[in-house]
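I opened my notebook to write down, step by step, what I looked up.

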Amino acid sequence: DLCSVLANKQQQQLNLYDPPEKFNLPKALSSSASPVWSLGLILSHCLLGMYPLPVQSTEELASFFATNEKQIGKIRSLFVAVEGFDWESIAPQLRLLIDRCLEVDPLLRITVPELLDNIVISRYKNTTLVDLIANWNVKGQL
């Protein structure tokens with residue numbers, strides 16, 4: 001039925017936010033580092049206005065991680081190019097936070113407590129999400 005088809009499509013799209021360790025380790029255990037990776041992709045998606053990696057399926061994502069294993073430490077360099085978008089125009093603290101969230105090695109990735117104490121997050125505890133994203137898009141403001 002249509003509902004199950006739509007639910008399956010939605011689940012496939014959510015899987016595009018899975019971290020590299022899910023594909024690189026047999027029966028990878030879920031850890032607090034996994035949602036941090038997803039947050040990094042979500043923040044990037046918000047800034048770019050589109051999903052940041054050049055894949056459209058979980059199979060393509062697994063292949064992407066395997067193919068780009070040597071380059072993947074600089075994940076932002078592998079993002080989809082968006083005409084007119086310049087990462088250098090994003091506040092340095094936010095760029096660093098995204099890089100730390102998208103650290104391929106889950107043991108080196110920013111932890112949840114570090115994330116919550118990060119100036120980008122902690123400074124805006126009482127700010128709406130719309131205002132927060134608007135501030136992130138203005139060079140040098142955080």
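The entries below follow the order in which I looked things up.

**Entry on the model and its elements.** I noted before anything else that this is a predicted model. I then looked up the secondary structure, and I found eight helices and zero strands in the protein chain. Reading from the N terminus on, I wrote the order of the elements as α-α-α-α-α-α-α-α.

**Entry on burial and surface.** I next asked myself how much of the protein chain counts as buried. The value I found is 37% of its 142 residues.

**Entry on contacts along the chain.** I looked at the contacts in the protein chain with a separation of 6 or more, and I found that 60% of them come from residues 24 or more positions apart.

**Entry on salt bridges.** How many salt bridges does the structure hold? I found four in the structure, and I followed up some of them in turn.

I started with R109, which forms a salt bridge with E21, and I noted 2.8 Å between the closest N and O atoms. This pair links distant parts of the chain, since R109 sits in the loop between α5 (92–101) and α6 (112–117), while E21 belongs to helix α2 (residues 20–24), 88 residues apart.

I then turned to R95 and E88, whose side chains meet in a salt bridge with an N to O distance of 3.6 Å. R95 is buried, having a relative accessible area of 14%, whereas E88, at 49%, is partly exposed.

The next pair in my notes is E114 and R100, whose side chains meet in a salt bridge at 3.4 Å, N to O. Because E114 lies in helix α6 and R100 in helix α5, this pair ties together parts that are 14 residues apart in sequence. I recorded E114 as partly exposed, with a relative accessible area of 39%, and I recorded R100 as partly exposed, with a value of 33%.

Note on methods: Residues are numbered from 1 along each chain as its sequence is written. This is a predicted model: local features need pLDDT of at least 70, side-chain atom pairs count only at pLDDT 80 or more; totals for chains, interfaces and linings use all residues. Side-chain values use heavy atoms; hydrogens and water are left out. Helices (H or I, at least four residues) and strands (E, at least two) are DSSP runs, numbered from the N terminus. Buried means under 20% relative accessible area, exposed over 50%, partly exposed in between (1.4 Å probe, protein chains only). Contact means heavy atoms within 4.5 Å.
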